[in-house]
Amino acid sequence: MFDFFKKYKIQIISVCIIVVALFIAFFSGEKLNENNNYATNKYSENKAVPVAEKSVLNSENVNVPETVIVVSSTPASSSVSDKTENKTQKTTVYSNENSTKPFISSTPTTENKKDSSLSVKKENTADNSNNVQPSSKPFSKDGYLTDPTPEGKPKPVEPQEQEIKDNNIYCTFSISCKTILDNISDLDPEKIELVPTNGWIIRPTKIKFNDGESAYDVLQRVCKKYKIHMESSWTPIFNSAYVEGINNLYELDCGDNSGWILRVNDWFPNYGCSRYQLKNGDTVEWLYTCDSGKDVGK
């Protein structure tokens, strides 16, 4: 045996070295694999998941709550806008027992903006639009997409710049939906009972208000006083409120071109009602149109 080892010692030692090397390599590889798995798991545990991603992963059925409302409004001839946020905010001033829509508290949304002349919904634009500064170019639209005001007509006053004075002045105020009577076949049958037989929701009435208030402010006050349901929304791109429904009669209820529109002193303002600052003696009319204002003289 000793002679055998002596004779083949080099071969035997070589084989042993190879076996030991393989043994060491095998267990070193296992250890390295364990370390890699540990590091990977540790990284996965500590990896930050974006909030939006978490919300999707944690909800099997994502239901977006229906937009709610509180009252505020804008001339049909105006566009919509939010005073404080880049998101549209709906409002409801008063909801009566006959309301066909639930009374709602404020809720932000970015889904709809209004046409500058009446209440027909259109696709919204960029959310950062309320940061747009008025253009310095002559005869161009201002920062809220308003065309130049016709000569002799009052220029818009931004809601953020309103200066309310506690001195009472008066305007003549009315709300009419007479055009629906001529298009009653287009109206949702369930809403026919909401239309007064003479078309007047509020006959021309002398209303007291504070100097510096807008047409939107007065509409809101009148609807509260007479308990008339009114729903509207704000959109920053127009920096103004927009009236969607009065007395539960909404835009598109009587045709594709129907909705509420504002007229002041026989003029249809080309900007939102919350930007229209009323003056003593103004005649303020909220009119329901079934033909984009053509049927009420626009």
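**A working chat on the predicted model**

Biologist: Where is serine 292 found?

Modeller: Serine 292 sits in the segment after β11. Please keep in mind that this is a predicted model.

Biologist: Is serine 292 buried, exposed or partly exposed?

Modeller: Serine 292 counts as partly exposed, because its relative accessibility is 28%, and the buried class ends under 20%.

Biologist: What is its backbone like, that is, what is the phi of serine 292?

Modeller: The phi of serine 292 is positive, about 55°, although the residue is not a glycine. Most residues other than glycine have a negative phi.

Biologist: Which loop holds asparagine 265?

Modeller: Asparagine 265 belongs to the loop between β10 and β11. This residue, also not a glycine, has a positive phi of about 55°. With a relative accessible area of 35%, asparagine 265 is partly exposed.

Biologist: And what follows α4?

Modeller: Lysine 227 follows α4, and its phi is positive, near 55°.

Biologist: Let us change topic to the sheet. What is the strand order?

Modeller: The order is β6-β5-β11-β10, in an open sheet of 4 strands with mixed pairing. β6 and β10 (259-264) are the edge strands, each pairing on one side only. From one strand to the next, the twist averages 25°.

Biologist: How many bridges join β5 to β6, and do they run parallel or antiparallel?

Modeller: Strand β5 (residues 165-176) and strand β6 (residues 200-211) are joined by 9 bridges and run antiparallel. Within that pair, tyrosine 170 has lysine 208 of β6 as its bridge partner.

Biologist: Then what about β5 and β11: how many bridges, and parallel or antiparallel?

Modeller: There are 5 bridges between β5 and strand β11 (residues 283-289), and these two run parallel. Serine 174 is opposite glutamate 285 of β11.

Biologist: Which strands does α4 lie across?

Modeller: Helix α4 (residues 215-225) lies across β5, β6, β10 and β11, and runs at about 120° to β6.

Biologist: Which residues of α4 are buried?

Modeller: The buried ones are Ala215, Tyr216, Asp217, Val218, Leu219, Val222 and Cys223. They pack against β5, β6, β7 (230-235), β8 (240-246), β10 and β11. As a general point, an α-helix has 3.6 residues a turn, so residues three or four places apart point the same way.

Biologist: How many residues are in the largest nonpolar core?

Modeller: That core has 40 residues, and Phe173, Ile246, Trp260 and Trp286 have the most contacts inside it. At least two residues of this core come from each of β5, β6, α4, β7, β8, β10 and β11. The largest share, 6 residues, is supplied by α4.

Biologist: Which strand contains serine 240?

Modeller: Serine 240 is in strand β8.

Biologist: Why is serine 240 called buried?

Modeller: Serine 240 is called buried because its relative accessible area is 0%, with the cut-off set at under 20%.

Biologist: Which side chain does the side chain of serine 240 make a polar contact with?

Modeller: Its partner is the side chain of serine 274, at 2.7 Å.

Biologist: Last topic, confidence. What pLDDT does the protein average?

Modeller: The average pLDDT is 74, and 61% of the residues score at least 70. Over residues 38-87 the pLDDT is below 50, and this stretch has 149 contacts in the model beyond near neighbours in sequence. Residues 97-137 also have a pLDDT below 50, with 125 contacts beyond near neighbours in sequence.

Key. Residues numbered from 1 in each chain as written. Predicted model: local features only at pLDDT ≥ 70, side-chain atom pairs only at ≥ 80, totals over all residues. Heavy atoms only, no water. Pairing = 2+ DSSP bridges. Axes fitted to C-alpha atoms, helices over the stretch in contact; angles between N-to-C directions. Contact = heavy atoms within 4.5 Å. Buried < 20%, exposed > 50% of the residue type's maximum accessible area, 1.4 Å probe, protein only. Polar contact = N/O pair within 3.5 Å; in protein donor to acceptor, adjacent residues only side chain to side chain. pLDDT = per-residue confidence, 0-100. Core = buried A, V, L, I, M, F, W, Y, C linked by side-chain atoms within 4.5 Å.
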